[in-house]
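Biologist: Thanks for sitting down with me. Could you take me through the model and tell me what stands behind the words you use?

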Amino acid sequence: MNKDAPVIKVSHVGRAFGSKLVLDDISLQVEKAETFGILGPSGSGKTTLVKMLTGIDETSSGEIHVLGVKMPKLAMLQQIGYMAQSDALYTELSAKENLEFFASLYGLKGEQRTRRIKAVMELVNLEEHLRKGVAQYSGGMKRRLSLAIALLHEPPLLILDEPTVGIDPVLRLSIWNELRALNKKGTTIVLTTHVMDEAEKCDRLAMIRDGKLLAVDTPDGLLQATGTASIEEAFLYYGGVRS
């Protein structure tokens, strides 16, 4: 991959389920080591888009390239840390067993596996609950464990679907600090959110509504372009709601 090439390039992508068009002619790109936010209400197409970025779903039209590779491509899973909106955990296993299972999928072994499991559980503040069964975890704890699994293999690209839903504000801040630290190390992060204060923390934002891309810019750029004082007002402006 050319070092100056975008990490993600989405070209005229559409996705239909039967006669229902969920995404309509989406084009955008994500650069290396940026945090790129996808902002939109529930049902806007955010999750459908990130599933296509990971290769879990296919486009109906257009193309997606990730790290220079046309998606979907199974081998690319090693390069992506993905945190789904609904927790993909084995509840009959302990947190440690879940982490060991996913570590084996990513090829982590021995001392490296042990070190990474310890590091990610400390980050999400779950180290005391490592051996507890996931069935005993609260909803917020399951979200935190899902994030730990996404970070486990230190991938160059993180794709996080509403990563901080159900997580308390103090831990949310520490997670954002870690995402910033990962950016500085060269990790590219794509996340979906409908939380406006999180959207403001992103380097750039794509605003999506009803499957259409409304705008892509920095948070400040969106405010300047719309003459608004907040990301929420800018989103309403692009959605055709004028105060």
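Biologist: Where in the chain is Pro72 placed?

Modeller: Pro72 sits in the loop between β5 (69-70) and β6 (80-83). Bear in mind that this is a predicted model.

Biologist: What kind of peptide bond joins Met71 and Pro72?

Modeller: A cis peptide bond, with omega at about 0°.

Biologist: Let's go on to Leu152. Why is Leu152 called buried?

Modeller: Buried means under 20% relative accessible area. Leu152 has 0%, so it counts as buried. Leu152 lies in the loop between α4 (139-151) and β7 (157-161).

Biologist: Which residues is Leu152 in contact with, leaving aside its neighbours within four places in sequence?

Modeller: Leu99, Phe102, Ala103, Leu108, Arg116, Ile117 and Val120. As for Leu222, that residue is 70 residues from Leu152 in sequence and 34 Å away in space, C-alpha to C-alpha.

Biologist: And Arg143, what makes that residue buried?

Modeller: Its relative accessible area is 5%, and the cut-off is under 20%, so Arg143 is buried. Arg143 has its place in helix α4. Leaving aside neighbours within four places in sequence, its contacts include Met83, Ala84, Gln85, Ser86 and Asp87. Asp161, Glu162, Pro163, Val165 and Ile167 are in contact with Arg143 too.

Biologist: Why is Glu154 called partly exposed?

Modeller: Partly exposed is the range between buried, under 20%, and exposed, over 50%. Glu154 has a relative accessible area of 49%, so it falls in that range. Glu154 lies in the loop between α4 and β7, and its phi is near 50°, a positive value in a residue other than glycine.

Biologist: How do you know that Asp25 counts as partly exposed?

Modeller: By the cut-offs of 20% and 50%: Asp25 has 46% relative accessibility, so partly exposed is the term. Asp25 is in strand β2 (residues 20-30), with a positive phi near 55° in a residue other than glycine.

Biologist: Which residues of helix α8 are buried?

Modeller: In α8 (residues 231-238) they are Ile231, Ala234 and Phe235.

Biologist: How do you know on which side of α8 they are?

Modeller: They cover an arc of only 100° around the axis, which puts them on the same side of α8. The elements that cover these buried residues include β3 (35-39), α6 (196-199), β9 (204-209), β10 (212-217) and α7 (219-226). Just after α8, Gly240 takes a positive phi of about 90°.

Biologist: Now the whole chain. How does its radius of gyration fit a compact globule?

Modeller: For 243 residues, a compact globule would have a radius of gyration near 18 Å; the protein chain has 18 Å, so the value agrees. Its C-alpha trace spans about 55 × 40 × 35 Å along the principal axes, and the chain has eight helices and 10 strands.

Biologist: How much of the chain counts as buried?

Modeller: Of the 243 residues, 47% do. The accessible surface comes to about 11800 Å², and 50% of that belongs to carbon and sulfur atoms.

Biologist: What share of the contacts with a separation of 6 or more is between residues 24 or more positions apart?

Modeller: That share is 65%.

Biologist: And how far apart are the mean positions of the positive and negative charges?

Modeller: They are 4 Å apart, for 29 positive and 30 negative charges.

Definitions and conventions: Residues numbered from 1 in each chain as written. Predicted model: local features only at pLDDT ≥ 70, side-chain atom pairs only at ≥ 80, totals over all residues. Heavy atoms only, no water. Helix = DSSP H or I, 4+ residues; strand = E, 2+ residues; numbered from the N terminus. Rg over C-alpha atoms; globule rule 2.2 N^0.38 Å. Buried < 20%, exposed > 50% of the residue type's maximum accessible area, 1.4 Å probe, protein only. Contact = heavy atoms within 4.5 Å. Areas by Shrake-Rupley, 256 points an atom, 1.4 Å probe, with all protein chains shown as cover. Lys, Arg positive; Asp, Glu negative; His and termini not counted. Charge placed at Lys NZ, Arg CZ, Asp CG, Glu CD. Arc of directions from axis to C-beta.
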